Amino acid sequence: TGPQTYSIACIPADGIGPEVISAGVKVLQTLSDASGAFGLDFKDYDWDSERYKRTGKYIPDGGLESLKKHDAILFGAVGAPDVPDHISLWGLRLAICQPLQQYANVRPTKILRGTESPLRKTTTGDLDWVIIRENSEGEYAGQGGRSHRGCPWETATEVSIFTRHAVERLIRFAFETAQKRTKKHITVVTKSNAQRNGMVMWDEIAAEVAQDFPNVQMDKMLVDAMTCRMVLQPQSLDTIVATNLHADILSDLAAALAGSIGIAPTSNLDPTRQHPSMFEPIHGSAFDITGKGVANPIGTFWTAAEMLRWLGEEDAADRLLECVENVCGRGILTRDLGGEAGTKEVTEAVCAEVRQSF
Ligand code: NAI
Ligand code: MG
């Protein structure tokens, strides 16, 4: 038998999604061709806001079943100026993550060589975090309702759901992640002073799970104080675990502190491996720069590396990240990182670097 071939579903979707995903596919294909160690078989899905406007659905009937046949999913970004954001988010991204039980959202952050943090005294190596976000329930569980529309007494509820099952599996995954890293340090973020039910249960479950990981050092933060610590003492953090909403916000802050939202990757993992996991850059569809050829593809390259790592191709993942950092180190940067290169130049430079690395 020849090298293993992975089947990858591509969902570029909206805005700069197709621009960065085609760049990502190019780099992945180059890596696979140059290494000869594994094959990649890409299948495109045109699930985007145009389809929604045409048919009323992002995902056609039976779509999820075909997605499940792939080894992994590479996702761009969803969101269009003329579709409300809650429709696009729930219609596509959450409609994949939730049924496929991709319950762990993993967001690594670091300052890439050749790039700068907006934090004056922080340089490469000072900020090296992985944020683990609960991805199946919590504040985004979809519970709640709205009544008496338009009346002065109109009422809306947005109910957070925290189950022992989901909180425990996520916190356990976060401790396992922390254990594999050099610092073996985890910060559990909640808001258990004000939110006295769900968040207190989080704290209790974290303390229970911690018992099983005696070599992982744990500390706790309230989410508001956590924003200060991320800015003022970035070196003091390593693995961070938080709820769906809290980690959503903290990870955007993390991406900005590391230099740009354009470089940050996300993995939506089903740690049980029953279903394929989904990999995407953290950023959205960025209407303001769509079609201009200036979108930073590095978030997608890093995402592609995380996808290879999850598929078991550790060496290829490390090599890809190394090549990306080499290109950044040579100053080939897009505008969001203070450079002048376009998407295409950065992509070609990374492809050349990959070929040369063998
Ligand atoms: P955004 O991430 O699309 O853009 C925020 C800012 O960052 C913009 O100024 C944009 O130009 C810049 N930016 C983003 N990615 C970049 C890249 N790769 N290179 C250079 N600059 C980049 O967030 P925004 O504006 O809040 O949302 C736009 C749309 O995207 C909305 O419809 C939103 O719902 C959707 N969205 C979708 C996400 C997803 O599919 N996972 C995540 C976040 C937002
Ligand atoms: Mg977000």
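**View 1. Helices α7 and α8 meet through two sets of side-by-side residues.** In this predicted model, Val223, Met226, Thr227, Met230 and Val231 of α7 are in contact with His246, Leu250, Leu253, Ala254 and Leu257 of α8. Helix α7 covers residues 223-232, and helix α8 covers residues 244-257. An angle under 35 degrees counts as roughly parallel, so α7 and α8 are roughly parallel to each other. The crossing of α7 past α8 is right-handed.

**View 2. Helices α1 and α11 pack against each other.** Helix α1 runs over residues 17-35 and helix α11 over residues 343-356. Their axes come within 9 Å and cross at roughly 10°. This pair is therefore roughly parallel as well. On the α1 side, the contact uses Glu19, Ala23, Lys26, Val27, Thr30, Leu31 and Ala34. On the α11 side, Thr343, Thr347, Val350, Cys351, Val354 and Arg355 take part.

**View 3. Leu320 sits in the largest nonpolar core.** That core has 98 residues. Leu320 and Val324 have the most contacts inside it. The core draws at least three residues from domain 1 and at least three from domain 2. Which residues does Leu320 touch, not counting those up to four places away in sequence? They are Leu31, Phe301, Ala304, Ala305, Leu308 and Val354. Two of these names return from View 2: Leu31 belongs to α1 and Val354 to α11.

**View 4. The protein chain is assigned two domains, domain 1 and domain 2.** Domain 1 is made of residues 1-102 and 265-358. Domain 2 takes residues 117-258. Their centres, taken over C-alpha atoms, are separated by 25 Å. At the meeting of the two, 8 residues of domain 1 are in contact with 6 residues of domain 2.

**View 5. Arg273 and Ala286 have positive phi values without being glycine.** Phi of Arg273 is near 60°. Arg273 lies in the loop between β11 (265-269) and β12 (277-281). Ala286 has a phi of about 45°. Its loop runs between β12 and α9 (298-310). Is each residue buried or exposed? Arg273 counts as exposed, because it has 10 C-beta neighbours inside 10 Å. Ala286 counts as buried, because it has 22 C-beta neighbours inside 10 Å.

**View 6. Val159 is an exposed residue of strand β7.** The strand covers residues 155-161. Val159 has 10 other C-beta atoms within 10 Å. Leaving out residues up to four places away in sequence, Val159 touches Gln143 and Gly144. Leu237 is 78 residues from Val159 in sequence. In space, the two are 30 Å apart, C-alpha to C-alpha.

**View 7. Met199 is a buried residue of helix α6.** The helix covers residues 198-210. Met199 has 21 other C-beta atoms within 10 Å. A residue with 20 or more such neighbours is buried. Beyond four places in sequence, Met199 touches Thr190, Lys191 and Ser192. Phe287 is 88 residues from Met199 in sequence. The C-alpha atoms of Met199 and Phe287 are 36 Å apart in space.

Definitions and conventions: Residues numbered from 1 in each chain as written. Chains lettered and ligands numbered in written order. Predicted model: local features only at pLDDT ≥ 70, side-chain atom pairs only at ≥ 80, totals over all residues. Core = buried A, V, L, I, M, F, W, Y, C linked by C-beta atoms within 7 Å. Buried ≥ 20, exposed ≤ 12 C-beta atoms within 10 Å, placed from the backbone. Domains from an automatic or database assignment. Contact = placed C-beta atoms within 7 Å. Axes fitted to C-alpha atoms, helices over the stretch in contact; angles between N-to-C directions. Helix = DSSP H or I, 4+ residues; strand = E, 2+ residues; numbered from the N terminus. Parallel < 35°, antiparallel > 145°, perpendicular 65-115°, else oblique. Left-handed = near helix turned anticlockwise from the far one by under 90°.
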